[in-house]
Amino acid sequence: MSAKLGEILVRENLVTPQQLREALDYQRASGGRLGSNLVKLGMISDDVVTAVLSRQYGVPSINLDLFQIEDEVIRLISQEVALKYTILPISKVGATLTLAMADPTNVFAMDDIKFMTGLNVEPVIASEASIQMAIGKYYSGSKQVDIFNDQIAFETEKVTRSAKNGNKAAKVGKGDGGLNDGDLDVSLETFEFASHEGEEFEVIEDNEEIDLATLARASEDAPVVRLVNVLMVDSLRRGASDIHVEPYEKDFRIRFRIDGVLYDVMHPPMKLRDALISRLKIMSKLDISEKRLPQDGRIKIKVKVDDRSRELDFRVSTLPTLFGEKVVLRLLDKDKLMLDMQKLGFEPESLDKFKRAIANPYGMVLVTGPTGSGKTNTLYSALQSLNTPETNIMTAEDPVEFNLQGINQVQMKEQIGLNFAAALRSFLRQDPNIILVGEIRDFETAEIAIKAALTGHLVLSTLHTNDAPSTISRLVNMGIEPFLVATSVNIIQAQRLIRRICKECKEEIHMPPEALVEIGFKPEEAPSIKLYKGRGCDTCLGTGYKGRVGLYEVMEVTDELRELIIIGASAIELRRKAIECGMITLRESGLCKLREGITTVEEVVKETVL
């Protein structure tokens with residue numbers, strides 16, 4: 001085993017012949033495995049050795065840091081046996097025990113485990129160091145989860161940099177050998193939530209016939225179907241908002257976005273790439289033969305998790321990249337849609353201004369911010385508060401994210417000419433009271449929306465700008481006359497989403513008053529500010545954060561601001577006047593969250609500027 005591993009590492013330029021000789025000398029003197037000795041000498045990383053062994057033996061590799069192993073599984077093997085063979089039980093499904101091993105060729109270890117447990121053993125590879133750490137963690141009674149922590153991110157980045165610098169290490173989960181159903185079963189069973197029983201998965205709508213017979217058949221193979229199902233259920237359990245499926249030249253990566261941050265979840269075998277992507281395209285009714293153009297679709301599923309049946313929507317977007325199609329699935333979970341404006345994170349005075357603006361019978365309310373800043377949630381919350389039997393509410397959206405009872409929602413279809421401008425023209429003949437335009441993208445849409453706001457309709461819409469005052473400049477640059485902007489716009493709200501500190505592991509930290517003054521606190525209050533941070537626990541998966549809260553900058557267009565807009569004042573002048581009139585900026589909103597102990601300084605500084 002050692003010589004063969006050494007030959008592979010030298011052949012792939014992962015170590016030099018000189019380094020290999022040094023490691024072999026060290027092994028002769030100290031014993032142990034060649035891979036572990038290379039790691040001890042700092043010549044290679046654990047991840048690279050594990051990935052090479054995975055390809056060498058055709059056994060899946062895993063990262064133990066990404067698993068929370070159940071107590072009943074750990075109890076199947078004693079600590080003495082685990083230490084003796086450097087093994088760790090991962091999961092038990094039926095009569096099969098998945099076993100993490102530093103040496104998957106150790107048939108004596110597997111035979112002993114089969115005899116002791118009466119179970120079939122399926123090996124997966126993990127590094128010797130990670131198994132030893134996990135043994136200490138699970139058998140000592142310490143169960144703190146350290147999933148997705150900074151160290152993992154650092155190690156991932158280190159391996160990535162190493163690959164960019166000329167190393168050719170395979171990523172975890174890749175194999176050059178043929179993939180069969182059994183191989184994938186192991187990786188699926190060890191994937192964090194796949195072993196939960198009682199999960200039912202059903203696609204609500206039937207799929208259409210597919211022309212490409214071979215690809216279609218591959219996408220319907222049991223391993224591929226199970227992998228897609230596990231991904232979707234897992235994203236729901238972890239509270240992910242997006243699933244990123246990303247093909248690269250020598251890697252296939254899947255990431256989840258949780259509380260606004262992307263985390264590596266798994267690296268399926270490259271042989272699954274086309275079949276998995278085709279499966280997602282079939283489920284979302286996209287053309288699997290079209291790989292050159294972006295496509296958008298939707299998957300509606302009914303899933304039973306923890307004895308609870310739920311319907312979920314996934315918005316699917318495909319994009320041709322250099323080495324295949326990248327697929328992003330946005331999870332639209334109605335349970336996460338917060339329609340109570342009191343809970344969104346508004347400061348009381350900002351919420352009062354916003355409520356006054358949407359209570360007006362006419363005028364325009366604009367919500368601005370980057371993608372993923374919660375604009376849709378804010379607008380839906382506003383609509384819900386205005387939704388009464390006496391009110392005709394119409395929305396033009398691209399796409400319609402959630403179905404709201406009692407509101408007439410229209411999906412844009414650019415390919416047949418149904419865009420925001422065309423929908424708005426039609427809306428004005430439908431006797432509306434309130435109109436929501438998904439986004440003002442061009443002069444034509446802006447012009448019709450402003451005319452609607454000036455002729456007795458309340459218009460709600462979004463723009464992509466950095467803050468509230470610069471929205472005025474954006475509309476004027478689109479070609480709208482300043483006097484029309486000044487007379488039609490009631491309020492502009494800029495917003496961001498930042499992560500909340502986990503309540504379970506929240507602890508007080510110290511920061512010098514000078515640093516607090518630098519980020520915007522007044523010198524006299526800085527010494528009395530109490531700051532907090534999450535230590536990391538099972539609840540927050542070791543991140544220190546759980547959930548998100550909004551920062552809001554609400555600029556009410558007063559008579560003073562209208563005069564400045566009409567004379568063509570700059571965004572800086574508008575901002576100065578708005579602050580004089582009592583506007584709370586995004587940074588100040590962040591400082592309010594710090595005073596309340598809701599978030600951290602890092603989150604506020606990352607999302608706002610002074």
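The lining of the second largest cavity is made up, by class, of seven nonpolar residues, with no polar and no charged ones, where Ala, Val, Leu, Ile, Met, Phe, Trp, Tyr, Cys and Pro count as nonpolar, Asp, Glu, Lys and Arg as charged, and the others, Gly among them, as polar. This is a predicted model, in which local features need pLDDT of at least 70 and side-chain atom pairs count only at pLDDT 80 or more, while totals for chains, interfaces and linings use all residues. Residues are numbered from 1 along each chain as its sequence is written, and side-chain values use heavy atoms, with hydrogens and water left out.

The residues that line the second largest cavity are Val228, Leu231, Met232, Ile243, Leu276, Leu280 and Leu329, and about 40 Å³ of space lies inside. Both α12 (222-238) and α13 (273-283) supply at least two residues of this lining, with α12 giving the most, three residues; helices are DSSP runs (H or I, at least four residues) numbered from the N terminus.

## The largest cavity

A search of the whole structure finds two cavities of 30 Å³ or more, a cavity being a set of points, on a 1 Å grid over the protein atoms alone, where a 1.4 Å probe fits but cannot get out, and its lining residues having an atom within 4 Å of a point. The largest cavity holds about 140 Å³ of space, a volume being the space filled by probe spheres set on the points.

Its lining has 16 residues, and Gly35, Ser36, Val49, Leu53 and Glu128 lie nearest the centre. By class, nine are nonpolar, four polar and three charged. Of the helices, α4 (46-57) is one of those supplying at least two residues, and α4 gives the most, with four.

Terms used: On a 1 Å grid over the protein atoms alone, a cavity is a set of points where a 1.4 Å probe fits but cannot get out, and a pocket is an open set with protein on both sides within 12 Å along at least five of seven lines; lining residues have an atom within 4 Å of a point.
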